[in-house]
Amino acid sequence: MNIQRILVTGRLYAELAALLPDKRPDKAFRFVAEDELQEADFAWADAYIGFQPAGPFSLAHLRWVHSLGAGVDAFLWKRKWKPDVLLTRTIGSFGEQIAEYCLSYLLRDAQCHDVYAWYQEQRQWKPVAPKRLSEQRMVIYGTGEIGRRIAETLRLFGVSPVGVSRSGRDTPPFSAVYRHDEAGEALARADWVIAALPLTEETHHLFDETFFSCLHNAGFINVGRGATVEEAALVGALENRNVRLAVLDVFEEEPLPPHSPLWGHPHVIITPHIAALTAAEDAARSILDTLDRIEAGEPLANAVDVSRQY
Ligand SMILES: O=CC(=O)O
């Protein structure tokens with residue numbers, strides 16, 4: 001495939017302007033802020049790099065589109081995609097970042113940080129035994145690169161994580177992998193469920209009332225996509241203690257609207273979609289590697305299967 005004119009936008013466009021042209025002086029680049037993009041930029045380009053499509057501009061005439069994020073729902077969810085436009089995504093340190101994010105909240109809970117912060121304020125000396133991670137049962141939804149990295153990290157702490165995937169195929173380092181419809185028993189025993197799923201037709205509102213009713217006082221972490229969760233069902237599950245604590249980095253509507261009941265809930269921790277951020281250096285490496293492989297006709301580990309939507 002012949003790529004000559006590459007249009008780059010999104011929050012990293014200025015940093016990428018300092019990283020890409022020197023490495024590929026044979027290509028023409030345009031770096032444009034998203035709100036300054038014009039029809040003429042799209043007419044000029046044969047490739048587009050950004051976090052999402054921009055405004056009303058069509059991507060259907062391009063040869064290659066590269067997502068600066070790991071998730072590609074911004075390009076595919078409820079949108080038509082022309083199958084002959086190659087869609088790739090950034091491969092970077094997302095798994096490592098998300099694993100650290102999850103670990104930080106798992107340890108905060110196990111080591112009773114919030115309890116001790118409260119006792120300290122009260123000047124109270126009250127021992128409460130920390131829990132051991134190795135004694136907790138953890139279920140991870142999503143056995144791709146990110147889910148596996150979370151599982152590998154938890155294994156270092158003696159956890160035997162169970163995975164849930166579309167196929168239910170055994171995948172190291174999970175001690176077992178189930179399909180969603182087979183996961184009931186694992187969910188009933190789970191101390192934590194970690195959701196690391198892309199948004200697709202199949203995962204939209206997968207975490208609904210039926211799902212939450214399988215849990216018994218479990219923690220729930222969502223680092224995938226907000227629309228995999230039916231938020232009203234989660235609020236109900238927090239009320240009746242199917243879920244004792246929810247750690248949420250992603251939401252159906254972002255930014256989370258001020259009137260959302262999640263903001264003020266005493267058993268919800270909210271972060272603003274920061275569990276994994278694309279760094280400019282990671283993005284540049286992934287773009288250059290993908291471009292080299294496209295030109296050499298080599299297999300692409302980061303090509304999106306548009307029919308599966310991830
Ligand atoms: O959510 C973040 C990403 O898709 O990279």
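1. In this predicted model, strand E3 (residues 47–50) and strand E4 (residues 64–67) run parallel and are joined by four bridges. Within this pair of strands, isoleucine 49 of the chain has histidine 66 in E4 standing opposite.

2. Strands E3 and E4 belong to an open sheet of five strands, whose order is E2-E1-E3-E4-E5 and whose pairing is parallel. From one strand to the next, the twist averages 15°. As background, strands of a sheet pair through backbone hydrogen bonds, in either a parallel or an antiparallel manner.

3. Helix H10 (residues 280–296) lies across strand E1 (5–8), E3, E4 and E5. Relative to E4, helix H10 runs at about 150°.

4. Which residues are around the ligand? They are Gly69, Ala70, Gly71, Phe94, Arg225 and His273. Sorted by class, this shell contains two nonpolar, three polar and one charged residues.

5. Glycine 71 places a backbone N or O atom 2.7 Å from an oxygen atom of the ligand. In arginine 225, a polar side-chain atom lies 2.7 Å from a ligand oxygen atom. For histidine 273, an N or O atom in the side chain is 2.6 Å from an oxygen atom of the ligand. On its own, the ligand has 190 Å² of accessible area, of which the protein covers 83%.

Definitions and conventions
Residues are numbered from 1 along each chain as its sequence is written. This is a predicted model: local features need pLDDT of at least 70, side-chain atom pairs count only at pLDDT 80 or more; totals for chains, interfaces and linings use all residues. Side-chain values use heavy atoms; hydrogens and water are left out. A residue is near a molecule or strand if one of its heavy atoms lies within 4 Å of it. A polar contact is a pair of N or O atoms within 3.5 Å; within protein, one must be able to donate a hydrogen and the other to accept it, and residues adjacent in sequence count only if both atoms are side-chain atoms. Accessible areas come from the Shrake-Rupley method with a 1.4 Å probe; for residues, only the protein chains shown count as cover. Ala, Val, Leu, Ile, Met, Phe, Trp, Tyr, Cys and Pro count as nonpolar, Asp, Glu, Lys and Arg as charged, and the others, Gly among them, as polar. Two strands pair if DSSP finds at least two bridges between them. Helices (H or I, at least four residues) and strands (E, at least two) are DSSP runs, numbered from the N terminus. Axes are lines fitted to C-alpha atoms, for helices over the stretch in contact, and angles run from 0 to 180 degrees between N-to-C directions. Contact means heavy atoms within 4.5 Å.
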